[in-house]
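Visitor: Let us walk through this model together. I will ask, and you point things out.

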Amino acid sequence: MIRPRVFLAASLLAFALAGCGGREALDPAAGFGPNPTLPPPQLSLFPRVNVAEAVGWPQGRMPTPARGFRVQAFASGLDHPRWLYRLPNGDILVAESNAPPKPEGRSGGLRGWIEGLVMKRAGARAPSADRITLLRDADGDGEAETRTVFLENLRSPFGMALVGQTLYVANADAVVAFPYQTGQTQISAAGRTLAALPAGRNHHWTKSLVASPDGRRLYVGVGSNSNIAEHGMAEEEGRAAIHEIDIATGAGRIFASGLRNPVGLAWQPDSGKLWVAVNERDELGHDLVPDYMTSVTRDGFYGWPWSYYGQIVDARVEPANPEMVARAQRPDYALGAHTASLGLTFGEGGLFAARYRGGAFVGQHGSWNRTPRNGYRVIFVPFAGGVPSGLPEDLLAGFLNEEGQAMGRPVGVQFDRAGALLVADDVGNVIWRVSPAA
């Protein structure tokens, strides 16, 4: 006998998976650039679901690089690799991580149960490895021949930053500091907590991390606990924001807010400004709201939850807050609707041609609620004078197979010591290395 709740949930899931009708999607390109097309919202009772089933890479297949580039596996057989960090000696740290368990009573009810099934289909509901792995390519052939467990027993680790001889790791609930000596392949010392971070429900659990150029402060991206604050603003305290933490004291403050899910954090080398890749809200249709990247200013507010893309009011959010909407800053550059743009780094020059220096490389994890799908690629956005100067270009694509299944999904992006771009693929469990073809 089928229980009524299970039957209802299954029916709702099938309805969501089938889509909700409405206006056809625009060309995905309309959602990119400094002035994206922002059509009227389409409201629906349940989110449109068009998730690409995670299947992994068949033997002999790999992503497709742009013309003039080649791709190879830097390391494979990892466990949900999400984020990358390069140490000064060239060693690469990989955060093998997934969402922490939800606290009792914070699963999100029926909607949360459905979302959990969808995320499982997308390959995002396995237990977290909770470790950081070190990869070393000592002979420079583009493949890591050394792999060690660098840190373990963490709590959904994500961002990493080395300042002096201290490695900072952003767990889902705190920034933790560890002593580090150049060249070591494992840290056994216990960490110390520098600063607690908002946790709880952790609807968005990743905590990105970057150090200031002078090494005095850390910046941490903390995502919202919801889509549009549907659990109440009390649960959003300190969230949807970038935190600034004083390394000497651990004292923190909100640096910028109204950023629904700020993930990739990086310093643009020409302007010296901090940039962030942000995942915007869902359930307003195929083409709303574009994810974006933007420079952030101290005490800047970027709209969430009351408005999007500057001062466009989201009428679903109650009570309204005209005062905060009036403060909302428009982001610099749209990255496409529902692309789940996560990874962000800027070109460092050297191995890549000069035109790539200072431009943005973005890992787009891929949509789950848009038809047709969007993202599932790594793009390059050219910059000039510290600001975007052109349309995005595919650098690495081909993550979906002919049936629309996800063989891989790109997340973090990071240049290696030689100047090749490394890409963390958390479905293929591979770190891909993209370099100019010989």
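Visitor: What volume does the second largest pocket have?
Guide: This is a predicted model. The volume of the second largest pocket was computed as about 690 Å³.

Visitor: Which residues lie nearest the centre of the second largest pocket?
Guide: Its lining counts 31 residues. Strands that give two or more residues to that lining include β4 (81–86), β12 (207–211) and β16 (261–267). Nearest the centre lie Tyr85, Val210, Leu265, Trp267 and Gln414.

Visitor: Which residue is the bridge partner of Thr133 in β7?
Guide: Start from β6 (residues 131–136), which runs antiparallel to β5 (residues 92–96) over five bridges. There, Glu96 has Arg131 as its partner in β6. β6 also pairs with β7 (residues 146–151), antiparallel, over five bridges. In β7, the partner of Thr133 is Val149.

Visitor: Why is one side of β8 and of β11 left without a neighbour in the sheet?
Guide: The open sheet has four strands in the order β8-β9-β10-β11, paired antiparallel. β8 and β11 (192–196) stand at its edges, so one side of each lacks a neighbour in the sheet: each has a single partner strand.

Definitions and conventions: Residues numbered from 1 in each chain as written. Predicted model: local features only at pLDDT ≥ 70, side-chain atom pairs only at ≥ 80, totals over all residues. Heavy atoms only, no water. 1 Å grid on protein atoms, 1.4 Å probe; cavity = no way out; pocket = protein on both sides within 12 Å on 5 of 7 lines; lining within 4 Å. Points joined across faces, edges and corners; volume = space filled by probe spheres on them. Pairing = 2+ DSSP bridges.
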